[in-house]
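Subject: Structure handover

Hello,

Here is the structure I promised to pass on. Please have it open while you read the rest of this message.

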Amino acid sequence: MRLPFFSPNPIKTPLFHLFFISSSPRSNSVNSSRFFSTRRSSLPRMAIPPKLASSSYSSIATTAAGSIEEGLAGKFWVKFRRETVFAMYTPFVVCLAAGNLKIETFRHYIAQDFHFLKAFAHAYELAEECADDDDDAKLAISKLRKGVLEELKMHNLFVQEWGIDPSKDGAINSATVKYTDFLLATASGKVEGVKGPGKLATPFERTKVAAYTLGAMTPCMRLYAFLAKELQALIDSEDGSHPYQKWFDNYSSEGFQASALQTEDLLDKLSVPLTGEELDIIEKLYHQAMKLEIEFFNVQPLAQSTVVPLTKEHNPVEDRLVIFSDFDLTCTIVDSSAILAEIAIVTAPKSDQAQPENQIARMSSAELRNTWGLLSGQYTEEYEQCIESILPSEKVEFNYEVLCKAIEQLSDFEQKANSRVIESGVLKGLNLEDIKRAGERLILQDGCTSFFKKIVKNENLNANIHVLSYCWCADLIRSAFSSGGLDVLNIHANEFSFEDSISTGEIIKKVESPIDKVQSFNNILKSYSTDKKNLTVYIGDSVGDLLCLLQADVGIVIGSSSSLRRVGGQFGVSFLPLYPGLIKKQKECVKESSSKWKGQSGTLYTVSGWAEIHAFILGW
């Protein structure tokens, strides 16, 4: 159970409050299909706040010096942070960071990168020709081009050290050709909606092409600078024996980091006089370059076992992938109890309003708000007391059975809290249609829906998705996913009891507690045939998910619940950021065999958002 937002929720504190704004009948008649039914319900228009930028991408969002949001380049870097995550999680980059990338693969990469850098230098040359002669930009581009020429010299050192011959180490591959063609076409003015290179009559038109060229080149510079810094941090504690240390040293160096910043600053400067439409073109070029960079990493040949993506070695004939996920604040950015509470309050009669005799008697809106506040306050106080009572005085070694015994006390507390809510009558009189429409308007975490869709649409994957939730009303969950085209998910949650589509205030109890969740988890797995091997992943964010997270082969924690880490930590559970965890797993990989995942290991993996989950499990 999660009580509404009237006081901070110790298990899951909502990111913001959900508000309902009363509308006049006239305003309700405008585009009313987007909101709640005006025929069957009195529920007014629902105002859903815009999606919030996830603070979990802080390392990406603060890469550039100063306030990254100030300039165009910084805004694009933050906007396309998802692509940055996918680049980090490519098998090539993971193996490179782990230090067990086969030398043959690295040689091939250097040979391909050699072709790419030559195109990069040529693109700078073309951009320099387009820049205004009296402008500092021309000098800056010239300086950046010289930096690329220096990078080519560095590649010559790699060539000598690793015995690489670009002319013999494989022909230029399709991804490299695609990327270099894109760069040179942009630098030549061959951009959709832009005049050809021979028709650039004015200096301003030529400067625009220089801006477009920087738009296509900047993401590569920033991505390499970012990856090198991130990966360097992961290997700093090693003894200096990393085979690709020189690669990290080069791209994490002050010189290269400065060049990346200079490229961004130059893009910002060249973009100042451009129109909104022209800035849109730069954004598309920036995004396309990011995607091409991911493809460039992805096509590097790997003749070795890798831990990413998780489904790489998945054989649908022999294996079954089972994805389990919590709902509230794992999939959503608002807790469902807050939504149900607010629906109840805004649709309740006023204290002086007579209620029809043939309808379920309800509290007034004022009484409801007061009662919800009392229930929430009591829940908060008693929850903290319950947590304190189950925590060992000192940190203990991880033991799943011992943890289960402790969590049973929390389960008893949750069930009693649910009974109080039912007895209070606060859930009486909610219209099923209103609940469904609230679900349709519910904002899910960025990347959650696309991840589930990718799994559902892949018929060859042999994967199943189960949502396990304390939510009081499964109809809210079903409508939230069905609005995104996900009607086939398996929902395991409580249900409201309805009479003529109006809630009676009773809850059909199915999943009330952490123990209920883990029992559902185990029962689902038992229901599958034994002819296939199950690989299980559980995604959750709270103490209520702890047992399932640990029971799964891979337990992934999303968000930053302090109570989850507090309880888990005292019971010996380790919380490891997923990416460093994967690097460690990759180091353990041996020939012909990948490192196995196993439940009840006592280690959970933390992520910043659904992009990491998608990149880890499915890849690009």
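Below is what was found in it, from the overall make-up to single residues.

A word on the ground rules: this is a predicted model, in which local features need pLDDT of at least 70 and side-chain atom pairs count only at pLDDT 80 or more, while totals for chains, interfaces and linings use all residues. Residues are numbered from 1 along each chain as its sequence is written, and side-chain values use heavy atoms, with hydrogens and water left out.

**Overall make-up**

The protein has 23 helices and 12 strands; these are DSSP runs numbered from the N terminus, with helices being H or I of at least four residues and strands E of at least two. Of its 620 residues, 56% count as buried. Here buried means under 20% relative accessible area, exposed means over 50%, and partly exposed is in between, with a 1.4 Å probe and protein chains only. The accessible surface comes to about 26,500 Å², and carbon and sulfur atoms account for 49% of that; the areas come from the Shrake-Rupley method with a 1.4 Å probe, and for residues only the protein chains shown count as cover. Among contacts (heavy atoms within 4.5 Å) between residues at least 6 apart in sequence, 78% join residues at least 24 apart.

**The cores**

In soluble globular proteins, nonpolar side chains tend to be buried together. A nonpolar core is a set of buried Ala, Val, Leu, Ile, Met, Phe, Trp, Tyr and Cys residues joined through side-chain atoms within 4.5 Å. The largest one here has 155 residues, and those with the most contacts inside it are Trp 372, Phe 452, Phe 481 and Phe 616. Helix α9 (residues 203-235) gives the most to this core, with 17 residues. Apart from this core lies another, of 36 residues, including Tyr 383, Leu 403, Val 518 and Leu 604.

Leaving out residues up to four places away in sequence, Phe 481 touches Phe 327, Cys 331, Leu 444, Cys 448, Phe 452, Val 467, Leu 486, Leu 489 and Ile 491. Phe 481 is also one of the buried residues of α18, a helix (residues 474-482) that is mostly covered, with seven of its nine residues buried. The cover over those buried residues includes α13 (336-347), α16 (432-440), α17 (448-457), β5 (463-468), β6 (490-492) and β7.

Another helix to look at is α3 (residues 72-79): six of its eight residues are buried, so α3 is largely enclosed by the rest of the structure. The buried ones are Leu 72, Ala 73, Gly 74, Phe 76, Trp 77 and Val 78.

In helix α14 (residues 365-390) you will find Leu 368, which is buried with a relative accessible area of 1%. Setting aside neighbours within four places in sequence, Leu 368 is in contact with Ala 344, Ile 345, Ala 348, Arg 362, Met 363 and Val 426.

**Cavities**

Helix α6 (103-130) gives the most to its lining, with four residues. The lining divides into nine nonpolar, no polar and two charged residues; Ala, Val, Leu, Ile, Met, Phe, Trp, Tyr, Cys and Pro count as nonpolar, Asp, Glu, Lys and Arg as charged, and the others, Gly among them, as polar.

**Backbone details**

A cis peptide bond joins Val 308 and Pro 309, with omega about -15 degrees. Pro 309 lies in the loop between α12 (276-298) and β3 (319-325). Ser 501, in the loop between β7 (495-499) and β8 (502-508), has a phi near 65 degrees, a positive value in a residue other than glycine. Ser 501 counts as partly exposed, at 24% relative accessibility.

Enjoy exploring!
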